[in-house]
Amino acid sequence: MSNQKASFLVVANRLPVDSVTDADGNRHWRRSPGGLVTALHPVLQAEKGTWVGWAGNAGPAPEAFDLEGVRLHPVSISQAEVQRYYEGFSNASLWPLYHDAVETRTFRRSWWAAYEEVNQRFATIAAEEAAQNAVVWVQDYQLQLVPAMLRQMRPDLRIGFFLHIPFPPVELFMQMPQRVQILKGLLGADLVGFQRPFAAQNFLRLTKHLLGLQPRGHYVAVDDDLADERLVRAESFPISIDTATNESIAAEPEVIKRAEEIRNELGDPRTIILGVDRLDYTKGIELRLKAFRELLEDGELSVPDTVMVQVATPSRERVEHYMKLRNKVELEVGRINGDFGQVGGPAVHYLHQSYDRRELTALYRAADIMAVTPMRDGMNLVAKEYVSSRLDNTGALLLSEFAGAAGELHQAYQVNPHDMAALKQGFLEAMHASDTDKIKRMRAMRRHVRKHDVQRWARRFLSALGVPEQQALSRQCLGQRAEGTFTTVNEPT
Ligand code: ADP
Ligand code: F6P
């Protein structure tokens, strides 16, 4: 394993790997699928980069190791810290607050102390692993204090931060007891990226409201004792998917065959409605089920003509709101199936499981209507994955106005999921739209996700950070060898 310091680091709550056990019982690490990893892997490889993150289990962390040309540096998180830093402050304080408080947020001082401590641990490791003048890209709400902590230790670094979830309006953010610390933590970065322009505006407004700073355009000047005056840039960089890979999976003959099998197994209904979400209260699964039930009650839909498939990926299962949500969703599924199902033919096929990429893509291919109806969501990559899988431009996307993706996928059937009548109407509109209308919409959305893929997202962010590794990135993505050090290149947005 190399002891070389890294010129490019990613710092994220989770490492991009899964621990797998092979047929002989040996455990090893495998790169986990996912757009962020795919986008950053070429840069990490080209720059001999390091990814600092948690391996997902409580207790001591394994030694740092190399995988596919990238150094992975696991961070240890104790059982008590998992409860306080991850389940507590990250997922029971910040998560609900940042998602428009669609569930009650809880603040506990012990959770905050653990959040600070774990953030300091991540920052210290990054400071130790970074070469002089290295670029460090910190990810997401679990690590908002890391930019300032890192700058304190290593003022030579170029620091970027990207928030994958929404950033709340001033009035909501002000509820947080540690609002000043969080804001100052983020201001340690040179560039703070958000999914939507509103989020960046909320952040800039807060710097004025809470700290008395004077934001101008996308910038705010801070004076943090380390430099006379430093400019922090805040802007939106909507994340995306690895469209090319998604498209090629969707074109595989086995995936096409599997999609046909799925339709068959579902009894060849006229319409398949699909939902694919982590089992999270922000995703609007309950509202979606309610709308489906009411449409069945109203006689607007009937089984087995129409069936719903709801994949609800297990998530954060020890956090109270998530346990309650699971009970509520499963009760509602049972109720709908009891009232409208038939022997061997449920109205809702409920799957509380994880799937591999190909099975998920086959589901996307099989679905006539993809229902993405979160009450609030940073982006929602599932919506983009569905669009990219519809190679023949068929299918319809029912999309909540409150998903970040709504800012880009204008041709989706957009709805306000808080308005039950509108949600039901949205389902019917998507269902009864003409083929011509659906194809026109899908073609436009596919064009968008093709152009705006995750590689472009990473290039735009790094370019704005003043880092030219987009050169390395684009060369690698084109299958060429990246070489040399960073030099600045500006890319138009
Ligand atoms: P979030 O980040 O809140 O979970 P997104 O929709 O942005 O929501 O991203 C979810 C990602 O997880 C997508 O890439 C999707 O394909 C993947 N995913 C969702 N459900 C499953 C599942 N059951 N099995 C495997 N992957 C899943
Ligand atoms: O969307 C935010 C996010 O933290 C993603 O980065 C992550 O994939 C997802 O939620 C699941 O979160 P967790 O790491 O808590 O399982």
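## Contacts of F167

Contact means that heavy atoms lie within 4.5 Å. By that rule, and leaving aside neighbours within four places in sequence, F167 touches Y98, F173, L186, F194, A199, N202, F203 and L206. This is a predicted model: local features need pLDDT of at least 70, side-chain atom pairs count only at pLDDT 80 or more, and totals for chains, interfaces and linings use all residues. Residues are numbered from 1 along each chain as its sequence is written, and side-chain values use heavy atoms, without hydrogens and water.

## Nonpolar cores

A nonpolar core is a set of buried Ala, Val, Leu, Ile, Met, Phe, Trp, Tyr and Cys residues joined through side-chain atoms within 4.5 Å. Buried means under 20% relative accessible area (1.4 Å probe, protein chains only).

The largest core has 98 residues. Y98, F122, F167, I182 and F203 touch the most other members. Helix α3 (residues 109–129) gives the largest share, 10 residues. Domain 1 (6–239 + 454–478) and domain 2 (243–451) both give residues to this core, so it lies between them. These bounds come from an automatic or database domain assignment. A second, separate core has 63 residues, including F8 and L360.

## The open sheet

Strands are DSSP runs (E, at least two residues), numbered from the N terminus. Two strands pair if DSSP finds at least two bridges between them. Six strands form an open, parallel sheet in the order β14-β13-β12-β15-β16-β17. Its edge strands are β14 (348–351) and β17 (413–415).

Four bridges join β15 (residues 369–372) to β16 (residues 396–400). Here A371 stands opposite L398 in β16.

Terms used
Chains are lettered from A and ligands numbered from 1 in the order in which they are written. Buried means under 20% relative accessible area, exposed over 50%, partly exposed in between (1.4 Å probe, protein chains only).
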